[in-house]
Amino acid sequence: MRNLRVRAHAKINLYLNVVGKREDGYHNLETIFHSIGLYDDVIIRKQNRKDITVHCEHPAVPSDAGNLAHRAAQRLSDAVGGIGGIAINIYKRIPVAAGLAGGSANAAAVLHGVNELFGLGFTQEALMHIGAQLGADVPFCLHGGAALGLGIGDQLTRLPVLPDLPLFLLNPGIEISTAAIFKKLNFALTTREKDGIIIRTYIEKGDILSIGKNLYNLLEIPVFSEHPEIAALKTELSTQPGCCGALMSGSGATLFAMMHDSEAARQSESHFKHKVSFCETTVTNPVGVYIDA
């Protein structure tokens, strides 16, 4: 086997609270992740040349070591003393810098795929440990499904998957810097509006309506302050027929709505498709990355 295709699924955050800042500069989080059906294709191929190459037609995706996928391949190669040349082709569907962990999902796909293609024998736990060194969302993208994330988001506790829950996503084409948004947080002026234990309980019960009422993301405060047009879009999204709840994912700017059914999601897509740069109807997904035969 000289090549394989890995699906790298995006994620949303059903709950995100920032607990405090760490000495290493990162922030401690309390978040609930869920994988969704939207995915990138990552093709991994052995090549005769000895280096690692990354190609993606999206102009905002780097092809050098600034790409998390490149760094993921390099970490695995270094860990075993070298494995030869690796060519990585990324076919983007997940918007870039959008709060959906597209780059982290690509890195997770490379960790999973290179481990399989070269028969390295790393366990899932070992891959997640390497992933945490690359980015806070990479461990969950390997884990997939639904999980409570603590620490920087890398301490994961599995939660029941919400099967085939219709979702509608939109993005106004605004790229948000996660680092800049975290710098704007003022813990003295922010109070948590929703309790993570409450929404976790509803997820365990599969109570979709109650989950929708308890969606929460603290990062909406600094993002909406800087980009009131995103706040206006969320208000409009929340009033769509069949919407059970709407939220910004991660540090934005993607918004998602939990929908009563797929028809309601498609109607929302028709409503917004000429207003925003990206909109998509999808569902929750039980895995983060997997090899697509």
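**Helices and a sheet in a predicted model**

User: Is His-227 buried or exposed?
Analyst: The relative accessible area of His-227 is 15%. Buried means under 20%. His-227 touches Ile-174 and Ile-176, not counting residues up to four places away in sequence. With its relative accessible area of 15%, His-227 is therefore buried.

User: Are helix 1 and helix 2 roughly parallel or roughly antiparallel?
Analyst: The axes of helix 1 (residues 68-79) and helix 2 (residues 102-117) come within 8 Å and cross at roughly 30°. Angles under 35 degrees count as roughly parallel. So helix 1 and helix 2 are roughly parallel.

User: How many charged residues are in the contact of helix 1 with helix 2?
Analyst: In helix 1, the residues that meet helix 2 include Leu-68 and Leu-76. Among their partners in helix 2 are Val-110 and Asn-115. By class, the contact has nine nonpolar and four polar residues, and the charged count is no residues.

User: Which strands are the edge strands of the open sheet of four strands?
Analyst: The strand order is 9-10-7-11, with antiparallel pairing. Strand 9 (243-248) and strand 11 (278-283) each pair on one side only. The edge strands are strand 9 and strand 11.

User: Which residue in strand 11 is the bridge partner of Pro-166?
Analyst: Strand 7 (residues 166-171) and strand 11 run antiparallel, joined by six bridges. In strand 11, the partner of Pro-166 is Val-283.

Note on methods: Residues are numbered from 1 along each chain as its sequence is written. This is a predicted model: local features need pLDDT of at least 70, side-chain atom pairs count only at pLDDT 80 or more; totals for chains, interfaces and linings use all residues. Side-chain values use heavy atoms; hydrogens and water are left out. Buried means under 20% relative accessible area, exposed over 50%, partly exposed in between (1.4 Å probe, protein chains only). Contact means heavy atoms within 4.5 Å. Axes are lines fitted to C-alpha atoms, for helices over the stretch in contact, and angles run from 0 to 180 degrees between N-to-C directions. Helices (H or I, at least four residues) and strands (E, at least two) are DSSP runs, numbered from the N terminus. Angles under 35 degrees count as roughly parallel, over 145 as roughly antiparallel, 65 to 115 as roughly perpendicular and the rest as oblique. Ala, Val, Leu, Ile, Met, Phe, Trp, Tyr, Cys and Pro count as nonpolar, Asp, Glu, Lys and Arg as charged, and the others, Gly among them, as polar. Two strands pair if DSSP finds at least two bridges between them.
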